[in-house]
Amino acid sequence: MRREVRASHILVQSKEEADKLRTDILNGKDFAKVAAEVSLCPSGHEGGDLGFFKKGVMVKPFEDAAFELKEIGDISEPVETQFGWHLIQLTGFIDD
């Protein structure tokens, strides 16, 4: 079971934009560069890096999606929170 995950994310206003960006990234665009260019979150300046976090720290839909990612480099489907639409990339994890 995952104790902590490390993730990066991109925050945008619409699902359509998140879908397009996900396609671009899956087709070879660099996640961190896209985050720096378009993310509405201040973490975009760091390539979207949020560092390591445990359950109970992030808003529930975001947390659920981040902890469901299996392999480093995996990218979530768009996830809606009260902040907007997120793409999440798993960049590390610590298992129990």
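**Aromatic ring pairs**

Mentor: The count comes to two aromatic pairs, where rings of Phe, Tyr and Trp (its six-membered ring) pair if their centres lie within 6.5 Å, with planes under 30 degrees apart counted as stacked, over 60 as edge-to-face and the rest as tilted. Because Phe 53 lies in strand E2 (residues 49–54) and Phe 67 in helix H3 (residues 60–68), the pair ties together parts that are 14 residues apart in sequence; helices (H or I, at least four residues) and strands (E, at least two) are DSSP runs, numbered from the N terminus.

The model is predicted: local features need pLDDT of at least 70, side-chain atom pairs count only at pLDDT 80 or more, and totals for chains, interfaces and linings use all residues. Residues are numbered from 1 along each chain as its sequence is written, and side-chain values use heavy atoms, with hydrogens and water left out.

Ring pairs link Phe 53, Phe 62 and Phe 67 into a cluster. Phe 53 has 3% relative accessibility and therefore counts as buried; Phe 67, at 11%, also counts as buried. Lys 55 lies over the face of Phe 67, at 5.1 Å from the ring centre, where the rule requires NZ of Lys or CZ of Arg within 6 Å of the ring centre and within 35 degrees of the ring normal.

Technical notes
Buried means under 20% relative accessible area, exposed over 50%, partly exposed in between (1.4 Å probe, protein chains only).
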